[in-house]
Every structure is written in structure tokens, then in C-alpha cells.
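Here are my notes on the model you sent.

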Amino acid sequence: MTRTSVVTGAASGIGLTTTKLLESRGERVIGVDLHDADVVADLTTERGRTDMVERVRELSGGTLDALYAVAGLALPIPATVAVNYFGMVATLVGLRPLLLGSPAPRAVGVASMASLFPVDDELVANLTAGDEPAALARAEILAKEPETTGGLIYGSTKKAFAQWVRRAAATADWAGASIPLNAVAPGVIATPMTAGLMATDEARAALLRQVPMPLNGVAEPIVVARLLAWLGGVENTHLCGQVVFVDGGSDVVIRGDSTW
Ligand SMILES: NC(=O)c1ccc[n+]([C@@H]2O[C@H](COP(=O)([O-])OP(=O)(O)OC[C@H]3O[C@@H](n4cnc5c(N)ncnc54)[C@H](O)[C@@H]3O)[C@@H](O)[C@H]2O)c1
């Protein structure tokens, strides 16, 4: 049977590459994005999220085999909070019922190694509480200083999302429904998101000092797409709530023995 998946962020970068990879394997993908997608939806808004679920339900005929929540922003602005955390969780929770008719349902989202950087504890707490107005208000304050506190927004969203995956994965909704729920945490991937950060050799070197990648350096999006496709594929039967770092080694360099 042809597997049918949803990929958010399907118009660019990791989402686009994942879409092409799955399609090259004969799978059907329903792409979601702000533009150039089967379902055009803005995942920063409640309306956009609800419309996305309805449209995907119609296009899929009511059953999906895998969810790939990829869409995200890396800007020091409140919208990053809305799409990276609330948009991603709404995608996974909103579309989860469509997985229940699949013989091999899977779900995976994209976190980041940036979750290892300093975060804003208040923002993470707001996200964890699921309080979007409070999280947006906190992000407004952080965004006032884009070079300092604004830089905490992205990592905070990714840490809270990774923790959400770990908390949700073993519950009745996910593990109890035989749905492996996991995340990937990429290092620096060469996509439009990072192009500006690597525009010069100096900028690229500075980025890699911040994100050390001793194993093969900056990765192409296909590296992440292959891992996503495995996590969302039939071979993955027992990974539960794992945040898999695909980061050329930044996690082991930064965290060392503090995790195992
Ligand atoms: N590129 C990296 O180095 C890197 C590293 C770690 C994690 N990530 C994560 O990987 C994911 C994909 O990033 P990418 O590098 O492919 O970036 P990208 O900018 O190439 O693609 C992101 C896509 O998400 C879509 N998107 C943004 N806001 C949206 C919204 N409100 N509603 C719907 N779609 C929206 C964009 O239109 C775009 O097509 C993101 O979650 C990002 O945080 C990227």
C-alpha cells in the first residue's frame, strides 16, 4: 500500500527535500506551507492550523500514515514561537486522529541542536504550559533586543518542543495507539534558513565555532530528510520520544558526559 504523509514546511529546505525523497520512494506527500504547497496555511494562527487539519482530512480521505512537522522560523521574533512550538504541536495533535486508520502510523518533528544553547526559562515555561498569549507576550519583550535576548527565542522553542515530544511519546495517545513519536535535532544544515549566516567564509567559521560539527561539518538537507524518512517509515517500530541529534557532533562536544 502506498503510504500517505503530511510534510509541513514542504516548500523549502528540509521539508522540500523530505517531500522529494518520500515521493522518489513512491510515497504520496501532502505538502503544507505558506506558499507552493498542496495545502497553503499559516501555522502561526489558530485559523491556519484548523484549516490545515480540515484540508488535509479532505485531501487524504481521512487516513494518514506519517506526519512530518518541519515548518519553522529562526528569526528573533514572536512568530517563531507561534510556528515552531504551537504550530508544530498543533500539526501533530491535530492530525493524530488521521493516523489511527494506518497499519503503521508514525510521527516526527524537527527540533534543533539550538535547544542546547541558553534559553529563556520564562518563555520555555509558557510554552510548556501551552499558554500561547503568555508565550507571545514574553517573546515580544525578548524581541526588543534582537542581538541578545531575541536570540534566546529560537532555542527556547526548540527545547520546549523536544520536551513536549518526550512527555507525549509514551502516553496513551501516542505509544498507546502504536504511534512512534520522535524528533530530530539538526546541526547546521545548508538551507535558505542558514544561507545568510554562511554568506562569507568568516561568517561560516563563526557559526561553526558556535555549533561545532567535527563530523563532516555543515550538512545538506538530504541528511536530515533520510533520518526523518526512517523515523516516519515502517521500519521504526520502537523509537519512543527520542530526540535524535543529526548534528555532526555538536551535541557530544557541547554536552559531553552530562547526558548518555
Ligand atoms: N537549517 C538548519 O540549519 C536547521 C537546523 C536545525 C533545525 N532546523 C529546523 O528545520 C526546520 C526546517 O528548516 P529549513 O532549514 O528547511 O528552513 P527553510 O526556511 O528552508 O524552510 C522552512 C519552511 O517553513 C515554512 N514556514 C515558515 N513559517 C510558516 C508558517 N507560519 N506556516 C507554514 N509554513 C511556514 C517556510 O515557508 C519554509 O518553506 C525548521 O523547523 C528549523 O527550525 C533547521
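1. What does the accessible surface of the chain come to, and what percentage of that surface belongs to carbon and sulfur atoms? The total is about 11700 Å², and carbon and sulfur atoms hold 56% of that area. Please bear in mind throughout that this is a predicted model.

2. On overall build, the chain contains 10 helices and seven strands. Its radius of gyration is 17 Å, close to the 18 Å that the globule rule gives for 260 residues, so the chain is as compact as a globular protein of that length. The C-alpha trace spans about 50 × 40 × 35 Å along its principal axes.

3. The ligand is surrounded by 31 residues, and the closest are S12, I14, D33, Y154 and T191. By residue type, this shell divides into 18 nonpolar, 10 polar and three charged.

4. Which helices each supply at least two residues of the shell around the ligand? They are α1 (13-24), α3 (78-99), α6 (152-169) and α7 (192-195). The largest share comes from α7, with three residues.

5. A polar backbone atom of L43 is 3.0 Å from a nitrogen atom of the ligand, and a polar backbone atom of A41 is 3.4 Å from a nitrogen atom of the ligand. From the side chain of Y154, a polar atom lies 2.6 Å from an oxygen atom of the ligand. On its own the ligand has 820 Å² of accessible area, and the protein covers 93% of this.

6. M113 deserves a separate remark. This residue is found in the loop between β5 (106-110) and α4 (121-128). Is M113 buried or exposed? Its relative accessibility is 2%, so M113 counts as buried, the cut-off for that class being under 20%.

7. What is M113 in contact with, leaving aside its neighbours within four places in sequence? The partners are A185, P186, G187, V211, F245, S250 and I254. As for N84, its position is 29 residues from M113 along the chain, and the C-alpha atoms of the two are separated by 14 Å.

Definitions and conventions:
Residues are numbered from 1 along each chain as its sequence is written. This is a predicted model: local features need pLDDT of at least 70, side-chain atom pairs count only at pLDDT 80 or more; totals for chains, interfaces and linings use all residues. Side-chain values use heavy atoms; hydrogens and water are left out. A residue is near a molecule or strand if one of its heavy atoms lies within 4 Å of it. A polar contact is a pair of N or O atoms within 3.5 Å; within protein, one must be able to donate a hydrogen and the other to accept it, and residues adjacent in sequence count only if both atoms are side-chain atoms. Accessible areas come from the Shrake-Rupley method with a 1.4 Å probe; for residues, only the protein chains shown count as cover. Helices (H or I, at least four residues) and strands (E, at least two) are DSSP runs, numbered from the N terminus. Ala, Val, Leu, Ile, Met, Phe, Trp, Tyr, Cys and Pro count as nonpolar, Asp, Glu, Lys and Arg as charged, and the others, Gly among them, as polar. Buried means under 20% relative accessible area, exposed over 50%, partly exposed in between (1.4 Å probe, protein chains only). Contact means heavy atoms within 4.5 Å. The radius of gyration is taken over C-alpha atoms; the globule rule is 2.2 Å times the number of residues to the power 0.38.
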